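Welcome! Please take a look at the sequence and the model below, and then we can walk through a few spots together.

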Amino acid sequence: MFHKTTTKLTVVYLAVLMAISLFFTANIYQLSVGELDRGLRGPNRGGMGIEEDYLSPLIQRQLRSQRERVYDEARQHIINRLAFVNLIILVGGGFLCYYLALRTLKPIEESHAALERFTADASHELRTPLSVMKSENEIALMDTKLTTAEAKEILSSNIEEVDKMTGLVQGLLQLARMDDELQKEPTSSKSMVEEVLKSLSTVAEQKKIKLDITGVKDSEINCDKMLVTQVLSIITKNAINYSTAESTVKIKGSSDGRNYQFQIIDEGIGISEADQLHIFDRFYRGDSSRNKEENDGYGLGLAIAKNIVDLHGGKIELKSKPGKGSVFTVSVPT
Ligand code: ADP
């Protein structure tokens, strides 16, 4: 499809180029022939500085026919030259227009490919919970002795799958709308961390993980409060999910005047070097988490977090050692 469009665009560019070239060619031709006409056919053009009328009729005729010949030759020469120049413009311009068409279409082609990949990944992720629900329901329908308790169990499993899909669709929508304007306001760094603590304390308690936010120095950041809180929440939730019981997840924060730096430090399973390269890609899940029932994410969290930090003109970095734990650092301009 893009090959066809490139050819079409090349033809359009070339047509415009040739139209301009032919317009100037026509004008140059008119001017040159006009000058030639005035120079060779105008009045008193004996070429010797004497009035032609004083020359004999025979010499006058010879002079006129010589001038006509010179005129025809010069005109032909102009035509040849202009045709040659136009041919060069056609061939050279053809290559140039093809190159320009390729360059014009490249970003469109890239974003089209990214969109295709994204759609394929999203459909693939949605298909899994849908097929789980379908087969559970089909088996239940075929079971003539299905009890109410069993039916309820299937229904609650269905609700679980619907919840997962809702989370996935919300994540996808957020990624798709990420170009929207940020709603920046002066925000206390500590208030955002406290909000994260409030929303995740139950999960942390369930996993017997201590959340320590004593290292957060309060500072004012001009940012989208809701989105930056979401970033901290995504990273802290991962830190809890990928940590073992009785360990600590620390959140630290300090400002150097220009940037505020949050650090989320865990003592969990860590991330291998191979995984670290792709960890912020959409739908990427580390090997260690892919088969874990309890971590029911879709690999969208860190992609969303990175998008939000990028939109703020900030940076998100990761240092991790398998078996030792991970440190995520988020810097946002104050
Ligand atoms: P998910 O929803 O799968 O958690 P994320 O984008 O948030 O998606 O994370 C992508 C992958 O990064 C996870 O599947 C997991 O393998 C890995 N990961 C993220 N945070 C940590 C962490 N603190 N410790 C170990 N692995 C992590």
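Which residues does S189 touch, not counting residues up to four places away in sequence?

## About the model

This is a predicted model, where local features need pLDDT of at least 70, side-chain atom pairs count only at pLDDT 80 or more, and totals for chains, interfaces and linings use all residues. Residues are numbered from 1 along each chain as its sequence is written, and side-chain values use heavy atoms, with hydrogens and water left out.

## Around S189

S189 touches V216, K217, D218, S219, I221, Y260 and F262, where touching means heavy atoms within 4.5 Å. S189 lies in helix α4, residues 189-206; helices here are DSSP runs of H or I with at least four residues, and strands are runs of E with at least two, numbered from the N terminus.

S189 has 0% relative accessibility, so it counts as buried (under 20% relative accessible area, while exposed is over 50% and partly exposed in between, with a 1.4 Å probe and protein chains only). Its side chain also meets that of Y260 in a polar contact of 3.2 Å (a pair of N or O atoms within 3.5 Å, one able to donate a hydrogen and the other to accept it).

## Two loop residues

Most residues other than glycine have a negative phi. E246 has a positive phi of about 70°, and sits in the loop between α5 (225-241) and β4 (248-255). With 64% relative accessibility, E246 counts as exposed.

F283 also has a positive phi, near 65°. F283 is in the loop between α6 (273-276) and α7 (287-290), and at 11% relative accessibility F283 counts as buried.
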